[in-house]
Amino acid sequence: MRALVLSDIHGNLEALTAVLNAAGQWDALWNLGDLVGYGASPNQVVETVRPLATMTVRGNHDRICCGLTSTRNFNPLARASAKWTMQELSAENLEWLRGLPQGPLQPERSSEDEARVTLAHGSPLNEDHYIQNMRDAWAPLQQMATAIAFVGHTHVQCGFAQKDHDWYELRPRYPSRTGSQMWRLPIAAEVRYLINPGAVGQPRDFDWRAAFAIYDSEAREVVYHRVPYDVARAQARIRKAKLPERLAARLREGR
Ligand code: ZN
């Protein structure tokens with residue numbers, strides 16, 4: 001079973017389109033949340049992902065942009081885009097966002113011998129927690145219900161692995177920041193993994209390319225990917241919508 005794992009699309013239709021074109025064939029699409037907020041195409045993103053996603057976990061921006069939580073804890077940039085997004089979203093898409101389930105979730109397995117996995121936006125222990133380093137990863141690695149969990153939220157493509165007292169951080173390395181590239185992670189038995197596929201629509205790891213991952217349960221591997229996309233067009237949409245300029249500029253910087 002091949003699962004396409006996406007997170008933090010953030011209303012970036014151009015990045016999403018490039019990812020779907022690059023992903024090839026897959027059996028399941030697991031979406032880790034934050035479909036909307038920041039980017040200028042929230043309706044198109046929701047309408048593209050909705051029929052394709054096997055499972056979607058809500059993100060903090062999804063929750064706030066559909067009015068379930070106030071924008072009080074958001075910084076001014078996030079707040080401005082959340083207000084714009086809320087007005088831009090159709091009634092039907094707002095309703096769908098309001099109904100998204102909170103993580104952690106466990107997708108159905110396609111066969112009995114397939115490992116169970118967990119999907120969460122922030123952490124399997126708390127949807128709003130950021131897992132940025134091993135210190136953040138330690139408690140969820142001990143306490144999560146499955147050996148593999150996929151998380152997003154930080155917009156940084158990475159992973160954390162732990163076996164008994166040994167642990168290590170996974171940082172995909174690519175030879176350059178041009179073209180499409182991939183980085184393979186074999187999944188070992190008796191190791192626990194937190195896997196962050198990175199952000200499709202607003203990467204913050206100094207690589208502007210759209211990020212995603214493919215989990216292959218038979219090959220027992222996770223393949224991290226980066227793909228270029230039409231960033232100029234995504235930026236033009238943000239400027240046309242009169243969203244803050246920083247939201248356009250940061251896409252090119254990948255931060
Ligand atoms: Zn996000």
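Trainee: Which residue forms a salt bridge with Arg255, and how far apart are the closest N and O atoms?
Mentor: This is a predicted model, where local features need pLDDT of at least 70 and side-chain atom pairs count only at pLDDT 80 or more, while totals for chains, interfaces and linings use all residues. Residues are numbered from 1 along each chain as its sequence is written, and side-chain values use heavy atoms, leaving out hydrogens and water. A salt bridge here is a side-chain nitrogen of Lys or Arg within 4 Å of a carboxyl oxygen of Asp or Glu. Arg255 has such a bridge, and its partner and N-to-O distance are Glu253 and 3.2 Å.

Trainee: Is Arg255 buried, exposed or partly exposed?
Mentor: Buried means under 20% relative accessible area and exposed over 50%, with partly exposed in between (1.4 Å probe, protein chains only). Arg255 has a relative accessible area of 43%, so it counts as partly exposed.

Trainee: Which residues are joined with Arg63 into one salt-bridge network?
Mentor: Start with Arg63 and Asp128, whose side chains meet at 3.1 Å, N to O. Arg63 sits in helix α3 and Asp128 in the loop between β4 and α6, 65 residues apart; helices (H or I, at least four residues) and strands (E, at least two) are DSSP runs, numbered from the N terminus. Arg63 is buried at 10%, whereas Asp128 is partly exposed at 32%. Salt bridges with shared partners tie Arg63 into a network with Arg58, Glu127 and Asp128.

Trainee: What is the order of strands in the open sheet of five?
Mentor: Two strands pair if DSSP finds at least two bridges between them. β4 and β7 each have a single partner strand, so they stand at the edges. The pairing is mixed, and the order reads β4-β5-β9-β6-β7.

Trainee: Which helix packs on that sheet?
Mentor: The helix touches β6, β7 and β9, contact meaning heavy atoms within 4.5 Å. Its direction makes about 55° with that of β6; axes are lines fitted to C-alpha atoms, for helices over the stretch in contact, and angles run from 0 to 180 degrees between N-to-C directions. The helix, residues 134-143, is α6.

Trainee: Which residues form one aromatic cluster?
Mentor: Rings of Phe, Tyr and Trp (its six-membered ring) pair if their centres lie within 6.5 Å; planes under 30 degrees apart count as stacked, over 60 as edge-to-face and the rest as tilted. The rings of Trp30 and Tyr215 have centres 6.2 Å apart and planes at 35°, so that pair is tilted. The cluster is Trp30, Phe150 and Tyr215.

Trainee: How far apart in sequence are Trp183 and Tyr224?
Mentor: Their ring centres are 5.8 Å apart with planes at 55°, so this pair is tilted. Trp183 is partly exposed at 22%, while Tyr224 is buried at 0%. Trp183 lies in strand β8 and Tyr224 in strand β11, so the pair ties together parts whose separation is 41 residues.

Trainee: Which residue lies over the face of Trp208?
Mentor: A charge sits over a ring if NZ of Lys or CZ of Arg is within 6 Å of the ring centre and within 35 degrees of the ring normal. Over Tyr174 you'll find Arg209, at 5.5 Å from the ring centre. Over Trp208, at 5.7 Å from the ring centre, lies Arg252.
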